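Thanks for coming. Please have a look at it first.

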Amino acid sequence: MLEAARAAFAEHGAEAQMDDIARRAGVGVGTVYRHFPTKEALADALVEERFEHKIAYVREVLDEPDPWRAIELCFEHCAITQEQDRAWATALATMAGGVPAGPRAHQIDELLTLQEQLLERARAAGVVRSDLAATDMPPLYCGLASVVLAGVADWRRYLDMLLDGLRPRG
């Protein structure tokens, strides 16, 4: 069901329908509702899964020997995932006003801890602004999600501009 839901939400975003998800999964709609009482509960499960994948990816990127490339990889991965999954992009774009507390707080904390490790390496190498903090990253990801959701064909251009802004001044 999660794979079917991921495909439906990736294709249709918040407009995905439970009937379509059930059809894609090859089950009755009642089966979907037994596991996920609302479409929002199902979408939330998918967002939680995406956060886990993001955390795992950032852990992998910590092994990248080039600290600047590690930062680039995080943003590229985020944008590509957003492009492939509109529900994920929507979830990130709606967080632009602030990182939510609640059930995802532990995931956010873990992600911020990992990103701070990336940034410490990058600051030590002098390849990012000295004032760039891990807490700056989520709003930047959210902004990138807004660009992807707007259907900008060349989102990589915006990514390049964003990354240029992270470089040290002068």
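I start with R59, which is partly exposed, with a relative accessible area of 43%. On the terms: buried means under 20% relative accessible area, exposed means over 50%, and partly exposed is in between, with a 1.4 Å probe and protein chains only.

Before going on, note that this is a predicted model: local features need pLDDT of at least 70, side-chain atom pairs count only at pLDDT 80 or more, and totals for chains, interfaces and linings use all residues. Residues are numbered from 1 along each chain as its sequence is written, and side-chain values use heavy atoms, with hydrogens and water left out.

Which residue does R59 meet in a salt bridge? The partner is E110, at 1.9 Å from N to O. A salt bridge here is a side-chain nitrogen of Lys or Arg within 4 Å of a carboxyl oxygen of Asp or Glu. R59 sits in helix α4 and E110 in helix α7, residues 105-125, so this pair ties together parts that are 51 residues apart in sequence. Helices are DSSP runs of H or I with at least four residues, strands are runs of E with at least two, and both are numbered from the N terminus. E110 is partly exposed too, at 26% relative accessible area.

How many salt bridges does the structure hold? There are 9. Another one joins R6 and E49, whose closest N and O atoms are 2.4 Å apart. This pair also links distant parts of the chain, with R6 in helix α1 and E49 in helix α4, 43 residues apart. R6 has 22% relative accessibility and counts as partly exposed; E49, at 23%, is partly exposed as well.

Next is R123 with E116, where the closest N and O atoms are 2.3 Å apart. R123 is partly exposed at 25% relative accessibility, and E116 is partly exposed at 23%.

There is also a network of salt bridges, which links E11, D20, R23 and R24.

D20 brings us to helix α2, residues 18-25. Which residues of this helix are buried? They are M18, D20, I21 and A22. What covers them includes α1 (2-12), α3 (29-35) and α4 (39-61), where contact means heavy atoms within 4.5 Å. After α2 comes G26, with a positive phi near 75°.

That is my last slide.
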